[in-house]
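Biologist: I've got a new model open and I'd like to learn how to read it with you. Could we take it feature by feature?

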Amino acid sequence: MNRIAILAIAAVLTTAACGAQEPVDEALTGAPQSETLADADFREVPASQGQMMLSFAPIVREAAPAVVNVYSTRVTQRRMDPFFERFFGPQGPQSDVQQSLGSGVIVDPSGIIVTNNHVVEQATELRVVLNDRREFEAEILLADDRTDLAVLRVITDEPLPTLPYAQPGAAQIGDIVLAIGNPFGVGQTVTSGIVSALARTEVGVTDFAFFIQTDAAINPGNSGGALVNMDGQLIGVNSAIYSRSGGSNGIGFAIPIEMVRRVVDAAMTDGELIQPWLGARLQTVTGTIADSLGLDRPQGALVADLYPGSAAATAGLEQGDIVLAIDGVDVNDEAGANFRYATRAIGEEAAFSVMRDGRRIDVTIPVRVAPADPDPDRQVIGGRNPLAGAELANLSPAFNDELGIDPFARGVIVLAVQRGSAADYFGLRPGDRVLMLQDRRIDRVEDVTDVVSGENDSKSSWPIAIERRGQRVERTLRL
């Protein structure tokens, strides 16, 4: 009985899709959009056996031509085994040519294709093969490892078939979807399933971990392919699977269309994806935190800290606020909040709904980049002192992002240490933060240069405090 019910629901969704006209993206045209199968009112039980015997073929016929194969070639260098170099002498680096295969989706008829970054990463040659077997050389317009998305372009004399974007937030748990790609290089393949879950944030594939989960079979080679709804619209780009064997276990993940559109738009306008920075340190509200705050259940993300002068701070967000929704979409955790904010372009605004002192209020926060103040001012310290030979720099949210460290960290960081130098002798390491030197607080690199210059060159005793891996270490170094 359960199986019949499931088949019945699948059939009626297909019925409505087969009779639907090609959808129009209201966000792109400004025209009003008719109701689609994503609307709850269109979900109903089939009325006849004939409806249960319908096919996904009309959807595939429209969608498949817009899904391509992406072939990448990488040339890597390796050295000969030292054992053989003893007999044959130094041979120099040897070149290895590696081939890899993925999929992509044409999103603009001029030849714009979106795929996964890991499909094209470090590629020295890219080739795109269309569904009709035409081949093109491709160039990378934008590749971003943080979102695991890349945008390619092929040059063509005629418009290419495309997949229209689904409306943001249209996907719902239980919707039937199709995954289209080239698994294991066997050729274009279509698999079906449902949306198993939304807003999966515990998948450590990208910095913005926020995925659609599906049980449609996804295998190696499907990366970069299309996840399509019953309106023939692109709802996500297939990115990863959960597998212990390398094959599909029915747990696949796709990057939602909100982020896909953001990356494609950036590639076609600025050619660079600049990530916004909220300037608020968020913390997922757990059961324990909810109890301490008097909440009836865990929900949202707690504002644990604010960076002075950041977008969040200047807009009026306060420490202790609980972010419940962004742009009308509920926020379940820290990763979800960061994802929602990251899908907005620089210069736009995001509408935050927060709980403060038991009341729900709205805060409009501008979308800004991470501040680059102060300037890094990278300097190698010289002279006769325990920091001689250390390269230092000022920290800022923008520079911290480049280094991949806590964006809230401030002060002076050790970037590198020259071998054999005084800094090397005294054990300074890259990543250390200099907090105090000669009993003076260190906030900028110029503070260090002031301390080590002039009469201080003759000092033999140097009190110093550094932070290493979150621990404060104080020593008195003697020259």
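## Reading the salt bridges

Modeller: Let's start with one side chain. Asp 443 has a relative accessibility of 36%, so Asp 443 counts as partly exposed. Keep in mind that this is a predicted model.

Biologist: Which residue does Asp 443 form a salt bridge with?

Modeller: For a salt bridge, look for a side-chain nitrogen of Lys or Arg within 4 Å of a carboxyl oxygen of Asp or Glu. Here the partner is Arg 441, and the closest N and O atoms are 2.9 Å apart. Arg 441, at 59% relative accessibility, counts as exposed.

Biologist: Which residues do salt bridges with shared partners join into one network?

Modeller: That network takes in Asp 132, Arg 134 and Glu 158. Within it, the side chains of Asp 132 and Arg 134 meet at 2.9 Å, N to O. Asp 132 is partly exposed, with a relative accessible area of 45%, and Arg 134 is partly exposed too, at 27%.

Biologist: What about Asp 432, is it buried or exposed?

Modeller: Buried means under 20% relative accessible area. Asp 432 has 2%, so it counts as buried. Its side chain meets that of Arg 468 in a salt bridge of 2.7 Å, N to O. That pair links distant parts of the chain, 36 residues apart: Asp 432 sits in the loop between α12 (422-425) and β22 (433-437), while Arg 468 belongs to strand β24 (residues 461-468). Arg 468 counts as partly exposed, with 21% relative accessibility.

Biologist: How many salt bridges does a search of the whole structure find?

Modeller: The search turns up 18.

Biologist: Now zoom out for me. How many helices and strands does the protein have?

Modeller: Count 13 helices and 25 strands. As for burial, 46% of the 479 residues count as buried. The accessible surface of the protein comes to about 24,200 Å², and carbon and sulfur atoms account for 48% of that.

Biologist: What share of the contacts join residues at least 24 apart?

Modeller: Take the contacts between residues at least 6 apart in sequence: 60% of them join residues at least 24 apart. You'll find Ile 251 in the loop between β11 (234-241) and β12 (252-256). With 28% relative accessibility, Ile 251 counts as partly exposed.

Biologist: And pockets, how do I read those?

Modeller: Rolling a probe the size of a water molecule over the atoms shows where empty space is left. In this model, the second largest pocket has a volume of about 560 Å³. It is lined by 21 residues, and the closest to its centre are Arg 262, Thr 343, Arg 344, Ala 345 and Glu 348.

Biologist: Which helix gives the largest share of that pocket's lining?

Modeller: Helix α7 (residues 257-269) does, with six residues.

Biologist: Last one: what pLDDT does the protein average?

Modeller: Read pLDDT as the predictor's confidence in each residue, from 0 to 100. The protein averages 82, and 80% of the residues score at least 70. Over residues 1-34, though, the pLDDT is below 50. That stretch still has 45 contacts in the model beyond near neighbours in sequence.

Technical notes. Residues numbered from 1 in each chain as written. Heavy atoms only, no water. Helix = DSSP H or I, 4+ residues; strand = E, 2+ residues; numbered from the N terminus. Buried < 20%, exposed > 50% of the residue type's maximum accessible area, 1.4 Å probe, protein only. Contact = heavy atoms within 4.5 Å. Areas by Shrake-Rupley, 256 points an atom, 1.4 Å probe, with all protein chains shown as cover. 1 Å grid on protein atoms, 1.4 Å probe; cavity = no way out; pocket = protein on both sides within 12 Å on 5 of 7 lines; lining within 4 Å. Points joined across faces, edges and corners; volume = space filled by probe spheres on them.
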